[in-house]
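Here are my notes for your first read of this model. Keep the structure open beside them and check each point as you go.

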Amino acid sequence: MASTLRALLEWPHLRRGLLIGLCVVLYVAPLAVGTEYRLFIATQMGVYILVAIGLNLLNGYGGQVSLGHGALVAIGAYAAALTMVDLHWSFWPAALLAMVMAAGVGLLMALPAFRLSTWYFALITLGFAEVIAGLLTEWRALTHGFAGVVGIPAPKAFGYAFTARDLYWFVLTLVVLTLVGMANLLNSRFGRALVAVRDNPVAATASGVSLVRIKIFAFVLSAAVAGLAGALFAVQKTVITPEDFPADFSVFFLLVIVLGGSGRLAGPVVGALVFFLVPELLTALQSWRLLIYGGALLLLMLYAPHGLVGAAEGLWKKLRARLGLPNIPPTPVAADAPIRAIDGAQLSVRDVSKRFGGVAALASVDLDVAPGVTHAIVGPNGSGKTTLLNMISGYYRVDQGAIAVEGRRTENLAPHAIARAGVGRTFQTPRLLPHLSVLENVLLGAFTAEKHSWLSAALALPAARREQQASLAEALRYLEFVGLRERAMELAGELPHGQQRLAEIARALVGRPKLLMLDEPAAGLSLAELDRLGELIAAIRGIGATVVIVEHHLELVADICSRVTALERGAVLASGAPQDVFSDQAVVSAYMGAHVRIGEKGA
Amino acid sequence: MDPDLIVNGVVAGSLYALVAMGFNILYRPTNVFNFAQGDLVMLGAMICASAMALWSLPWFVGAALALAAVGLLGLIEERIAVAPVLRRSASGHAWVITTLSFSMIIANLVGRIWGPDPIAVRPPPPLTTETFELFGANVSSYQIALVAATIALAAGVESFYRTRAGKAVMAVAEDREAALLRGIAPESLSRWSFLFGGAIAALAGVLAAPLLYASIGLGPSLLLKGFATAAVGGIGSNRGALIAGYVIGLVEALAAVVLSPGYQMAATFAVMLIVLLIRPHGLFGHPEARSV
Amino acid sequence: MSKGDRGGFGQRGDGRLDRRDFLRTAGLIGAGALGPASLLLPQGVARAADPFRLGWVRPTTGRLASSFHMLYVGGLIAVEEINAAGGIMGRPIVRVEEDDEASPAREPAVVKKLQELGIRHMAGPTGSSQSLSSLATTTPAKIIQASYANGAELGDGTKYPYHYQFTFNTNQQAEISVRYLVETLKVKKVGIIQENTAFGEQATAASRAILTKLGLEPVKVEVYPLNAPDLNTYVSNLRKAGAEGLIAWIASVPGAAMAFNAMHAQKWQPPITGHNGLFTESLFDLVPEEALKSVYGTNYRTLTWTDSEFPGEKQVAFAKKLVAFPETKGSGVAVANAPFYDYLHALKMVIEGEKSFEPDVIKRALDNLKGYKGLLGTVSFTPQNHTGIPTEDVVLASILSGKNPKSAGVFRERAK
């Protein structure tokens, strides 16, 4: 018994086989058991699933809370219904218009995200939904007011009108296609960028992801899906009134994905299924149903934050572990190729100052780094080293002064734009996405290197796949380079601290930075890891990148850097070759306070 | 402008400000926006109304009972729906869903206990809702008392934040971990905040009841406007809530004269959007801490 | 009606078996293995008593459930009476209950489900939008139906040939309300206050039409949103426009209370006519008595008294049964105004007359129903007109008379 189970679980095509089997059942089922009521419920469920899939992209993966998705469905439904009934359009252009209209309103809703934080954003979407609900009844000339739109015809293709069963098949097909497209998209640079925006926005911008653009992208795409679902909602119901879209309609979709598993591909499907089936199970408790929902949701959030799918995944892993099967998928294979050389960039910092409140963090700092040079910035705690890095990479605004990379001024650029200009960096505490694999974290670094559009990613077009394969090969190569290849498929959050640093360096390298800035890379490393780091930095210099390193570990600095700048209290004390700087009297006395003698091992 | 409109706007604005203050008190040490707040407001009104109607208790006793009961419920909410998810991740969003589900639970329980009929709440004597003319406007003594009580409450809460305990709340709001290092216990502060936030919600309901009646429909309508008020004023700022309440109340009163209902909502929303686009953290809000 | 019976009020007749059956196949979805043979019709139970299965669409959950659930008590009384008298053609009525959550979005699914259970006669839902949404599915399915909704459109026999309105409609309400103000009270300056709902909109449109017929224009129409924090502004707009009489299309009790209190505070007491929702007795706790003195709602002649007339035996007996249900307390008028009691008795009469349960046969018979003496009035239909109550059976009644012991929780005093 256990061995058959084991064999089954080891079958490499298990997942795909199960999914295809499920699809076949779903397509064939209506022929056998498709009564009108069941078709109606199943189709309605499909429409809701579609909305939830779109919302899951935005909320589950992107971490943005929309309390206005129900209104987007309403817009799609009204756009389709009104054009079909009043203007006698056929379903197809009407559905397209529904998507465009919902996407347009979605864009309008998302625009305040330029300036507002998550919670205000949730409020704005809620307000938008209220306004749209008001307009549905108020704008009578267009929407027919409370009476709604009556007599919405079924979609037609080549003169043939869809029956209830055809509509079910059609919705089912759309759900399947959307799920496949969503899976492709989430597996691409866009999916990783979204998760990064949710889990660690700093990591996202450091990899060249524009937070605003990716949020708007997610919002518009999920709005378009909601619009399409709205069009289907209209043709399925044949009558729509403003009361079909009550205030809690939006909350309903949020609950569906949380129930199923937010940020899990199957979450919306499972959530909707449970939402529709539970009322059937609770017949006897009919009027307690909402109370039970509320309680169940609460318990779920407390004990299974990733919903039913998350809980099932946990059980699945336990089952595999008990059978002695590995839970870490095999590392994908990719063509091998040598690491390509990088043209290092020149960095110049002129007269840069920064004040926090009344305190001067940096005062008129100059720094010049020649192309291909490894340059260290040293100084006691609070001397402004990290502040300087944060200003070069755009996380702090420059109060005064100029910064140029390869002669191009960058001091007014956003962090993601500076990253795109070829400046890569790591952070004092590694900024990894703990729930993604090490490999996926490194792939995030390739966000700007890949050029394919979201659509070609969703459709898995050959061009996109070629580019993704190339990034994969590159990522694996850099993982090899930093010595983490065999841990590529483990979750980044489960790596020891030192290896997280190495993974972060690999992520920065995949973006092929002309200037790489490392913020205290040696902190917390073991001796062996320290040696490895030294070799690694030497190897990076070998590729040709310019490296700026903030470090306390002066021996490491003396070993690998050709130039050093010492800071104290936000000002440059000395700059030059390591032996000159470290013998500078001012530098030595500055360090005396820190009880560190030059040349001592460890800092 | 018609003086009556100003009265209507300021009175409604005071109610919105009261709801927003409940939001703020909860928000400060926890960074949680309580989606069950509307239900707490409604419950406050219902408990007070029932105590007065069923047991013929005087207003003050009914109100005290409502404040205590709803404050306790707030505490229960914090214990079962908020603290566990904050412990897991202080910056996560799980509390949206847990407070929403708490709201579902309360709304449905209340619906089972009380019927659909609204219950009248008489203001405490000598106050009445009978109007008289004052500077050309029709006002009642209860309306004047309501506006004054709201201002007093805002001032009281703001002055609390200047005390030692209040500063601890602010420290937790800014950086939970740093506050922990300074010996402040965020857990106990968030418990107290839910207790008080719940009591303030109940107070909002109790004070609204003589004008809007105690009914199970009271919560949802006040929730959204209280939400908008808190946002426009700057979340966490009670002075902001008061000013924003007046702004929204007056915009609404004016819109009621010139616009049809569908556009009234749009007008209120437009005001909110404009304020937030010019001042993303509201009129009196503070930007959030740096991220790197 | 025994206590035990009432315990079953919240339950769903014999629909349970089918639900479980549905679950087994639950959604078609996974299984696919079960054939059509396993569906539908509770086996065994059905044959023994051969009950007449009646669809019963009533909200037990959702926002409006607490306001709507008791409105079916009249229907329950009818079921009890009919079954006690041996059922319809010897078949006892069995209610197959479905919860529509009072949500228009739920109606198609509810109807399809009942349809699949073989239901061809239905009572409910309640509410105009809910009923219209329901009719989009019941009409093609040829289900004989009476819903509790006053929209004039719902009595259009050409549009909804299988739906019968055993109540007055919004147009009749509007006509009575306007004519009383203009013709009886000689008010020329009529104002309208309306809640922003589908009902409010229809009723205002109908009132305008009647006023136009009488050569008048409303001096002012004020529409307020349901979540308005107070109605002072709207009321003073009407007062300032010089309105001498008001028509109130307000169905929600807090809304009505706010409006009347605002008028009271402004010391303005014009005569007011309007919706039958105003009869809800909880208004008495919210509004001082003197503010309700000149407020009248639309009601049925048969349920009102005057100095010389009192409701008939049938109505009095019904009222006694009705008030025995505790959930009707305070809303006796709304419950008595429901169509279900007359609908079921008329259905029994027609079916037994035609000796057929076939919807098309029933439809033909109902279309030709003339002068049926119902609880609410003399019901007649034509194939085109499915609003059964003639306008002369619609009257205005005093709101305040609900405090009079004569009201017995159900009746009101007709306006003079």
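1. Start with a definition. Helices (H or I, at least four residues) and strands (E, at least two) are DSSP runs, numbered from the N terminus. By that count, A:Val51 sits in helix 3 (residues 36-61) of chain A.

2. Two words on the source. This is a predicted model: local features need pLDDT of at least 70, side-chain atom pairs count only at pLDDT 80 or more, and totals for chains, interfaces and linings use all residues. Residues are numbered from 1 along each chain as its sequence is written, while chains are lettered from A and ligands numbered from 1 in the order in which they are written.

3. Is A:Val51 buried or exposed? A residue is buried if 20 or more other C-beta atoms lie within 10 Å of its own, exposed if 12 or fewer, and partly exposed in between; C-beta atoms are placed from the backbone. A:Val51 counts as buried because it has 31 C-beta neighbours inside 10 Å.

4. Now look at what A:Val51 touches. Two residues are in contact if their C-beta atoms, placed from the backbone, lie within 7 Å. Leaving out residues up to four places away in sequence, A:Val51 touches A:His69, A:Val73, A:Val225, A:Ala226, A:Ala229 and A:Phe253. Take A:Phe253: it is 202 residues from A:Val51 along the chain, yet their C-alpha atoms are separated by 7.4 Å.

5. Step back to the whole of chain A. It has 25 helices and 14 strands. Buried residues make up 54% of its 603 residues. Its C-alpha atoms fill a box of roughly 90 × 65 × 45 Å, taken along the principal axes. Among its contacts between residues at least 6 apart in sequence, 75% join residues at least 24 apart.

6. Chain A holds an open sheet of 4 strands, in the order 6-5-8-9, with antiparallel pairing. Two strands pair if DSSP finds at least two bridges between them. The edge strands are strand 6 (359-369) and strand 9 (408-409) of chain A, and each pairs on one side only. Strands of a sheet pair through backbone hydrogen bonds, either parallel or antiparallel.

7. Zoom in on one pair in that sheet. Strand 5 (residues 347-356) of chain A runs antiparallel to strand 6 of chain A, and 7 bridges join them. A:Ser348 has A:Asp368 in strand 6 as its bridge partner. A:Lys354 has A:Leu362 in strand 6 as its bridge partner. The two strands form a hairpin with 2 residues between them, and A:Gly357 in the turn has a positive phi of about 60 degrees.

8. Next, a helix pair in chain B. Axes are lines fitted to C-alpha atoms, for helices over the stretch in contact, and angles run from 0 to 180 degrees between N-to-C directions. Helix 3 (residues 59-88) and helix 4 (residues 94-113) of chain B pack at an angle of about 165 degrees, with their axes 9 Å apart. Angles under 35 degrees count as roughly parallel, over 145 as roughly antiparallel, 65 to 115 as roughly perpendicular and the rest as oblique. Helix 3 and helix 4 of chain B are therefore roughly antiparallel to each other.

9. Which residues of helix 3 and helix 4 of chain B meet? From helix 3 come B:Glu77, B:Ala81, B:Val82, B:Val85 and B:Leu86; from helix 4 come B:Ala94, B:Trp95, B:Thr98, B:Thr99 and B:Phe102. By class, this contact has 7 nonpolar, 2 polar and 1 charged residues. Here Ala, Val, Leu, Ile, Met, Phe, Trp, Tyr, Cys and Pro count as nonpolar, Asp, Glu, Lys and Arg as charged, and the others, Gly among them, as polar.

10. Chain C comes to 16 helices and 14 strands. Of its 416 residues, 58% are buried. In chain C, the axes of helix 15 (residues 340-354) and helix 16 (residues 359-367) come within 10 Å and cross at roughly 110 degrees. That makes helix 15 of chain C roughly perpendicular to helix 16 of chain C.

11. Last, the interface. In it, 23 residues of chain C are in contact with 27 residues of chain B. Helix 10 of chain C supplies the largest share of the side of chain C that touches chain B, 5 residues. That side divides into 10 nonpolar, 11 polar and 2 charged residues.
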